[in-house]
Amino acid sequence: MSPRTTPGPATPRVRLERLARLERLQSLTEALSGATTREEVARIVFEHGLGVADAKAVTIFSERRPGELELVQGIGVSEEFASGYRRVFADEPLPGAEAYRTGEPVWLSSPEDIAARFPTLVPLAKREGVGAWVAIPLTLSGWKGAVGLHYSEPRALDEEERAFVLAMVVQSARAIERARLFDAHKRLAERLQQLQLTAGTLSAAATPRDVAAAAFRALGAVGACAAEIHALEGPEDVVLLARHGRASAVGAEPSRLDAPEPAAEVIRSGRALWLDSPDEIDQRYPLLAAERARREERAWAVVPLLASGRAVGALTVAFAEPRRLEADERNFVRLVAQPCAAAIERARLFDDAARSRAEAESASAVLAALVSAAPAALLLVGEDGRIVRMNPAFVRLAGIPPEAHEGRRLADVLPGVTGEQVAAAVKAARETGRPEARDVVGETLAAPGRTRHLAAVAFPVRVEGKFAGFGLFLRER
């Protein structure tokens, strides 16, 4: 069927057709003006748009990546068509792909036109009952793609009808774009709120498991089914600190930094990985294919955890279905990773401090036990000459209860000649800054009336370079 030509003077029938088209277009525009979601737009297109265009089906293809399209809406098409053309490349023999590739509408007014231009689509057109096919390219601020219209009967696509179809498609596309922007703003508000909650939770996270749990709750906003936290331990080891979600498990052997694994690669490079499908994952990491399939994960996003400008770990986000994250979703994952990195560093510092404290306490306890068990008398005298600490052997030698020693002067616990000789040794150590040994002969309160022969050594005591007092060592000769 050849396209009709419009006669010079408009006949009454033509004027009526024009008026009817304008009324239908106005009706569609009014209905679409109140749509705020893609679902509402799809419903309106289904209920009003197909009738406006006299079409039996409409398809909307969106650019997934340059040169590749994804069917985001198919109304009136069969399941076979929807599954067979879920994703198409720009060079495929399909009207929507050609319109996207060339930027020009494709007008096929009859089965003969379809067969002449796309012979491989003849069986499909017969199965779908398509007598005419139109594809319109679209380029809006938020997306690029093509809209297709299927007609049951051959159609005379004259100049007026083409202009009408273009206007109808543009109106629908603008409504889709408005809905997309509305959804984007709504999602952004929800994600900002989630980020605030996550940052607050992570500020109190003390363990990597707490960090992974908080990150997983936040990443639910983008549909994650699992989250993992890996950290760089030492110069070469990559350790799984925590996993949250499906098949949660920790305890795997550390990997090497040069291992062919996503977390190791991201830590090495400092660059994020976006793997949209099982094929992409398995092709890049064939050794992980079986484990990925067991966990039923079909897309991964892996971003570095950066602290002080360096990668200290990696956050892995898993999805149950193939998933291409949009730019705002990728930014959201990165924003979740930032407080995770800070929390991991904080937890690491907390663990280091706790370990250091435990080691210091253990060393102190060992030293205290050593001093306490020493058979010779030991004590610590402050710079002011007062006793700070002593061991049981000194208590026995001096003959005064332990509680009566601390805070007292040497002359109080070692009176008379004995105390004077010991004080002289301390004075000499003060003056020289070196250990000073003396022979001490005299009595002690522990054995009054009995002369005792003691070897005394006084020495300065410093802790981390700071003077802490004088040590005194006494033993029977």
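Q: Which residue is the bridge partner of Val-238 in E9?
A: In strand E9, Ser-255 is the bridge partner of Val-238. This is a predicted model, in which local features need pLDDT of at least 70 and side-chain atom pairs count only at pLDDT 80 or more, while totals for chains, interfaces and linings use all residues. Residues are numbered from 1 along each chain as its sequence is written, and side-chain values use heavy atoms, with hydrogens and water left out.

Q: How do you know that E8 and E9 pair?
A: Strand E8 (residues 237-245) and E9 are antiparallel and share 2 bridges. Strands are DSSP runs (E, at least two residues), and two of them pair if DSSP finds at least two bridges between them. The 2 bridges therefore meet the requirement.

Q: Why are E9 and E10 called edge strands?
A: The open sheet has 6 strands in the order E9-E8-E7-E12-E11-E10, with antiparallel pairing. E9 (255-256) and E10 (273-275) each pair on one side only.

Q: What makes the pair of Phe-467 and Phe-470 edge-to-face?
A: Rings of Phe, Tyr and Trp (its six-membered ring) pair if their centres lie within 6.5 Å; planes under 30 degrees apart count as stacked, over 60 as edge-to-face and the rest as tilted. The two centres are 5.0 Å apart and the planes stand at 65°, so the pair is edge-to-face.

Q: Is Phe-470 buried or exposed?
A: Buried means under 20% relative accessible area, exposed over 50%, and partly exposed in between (1.4 Å probe, protein chains only). Phe-470 has 3% relative accessibility, so it counts as buried, whereas Phe-467, at 33%, is partly exposed.

Notes: Helices (H or I, at least four residues) and strands (E, at least two) are DSSP runs, numbered from the N terminus.
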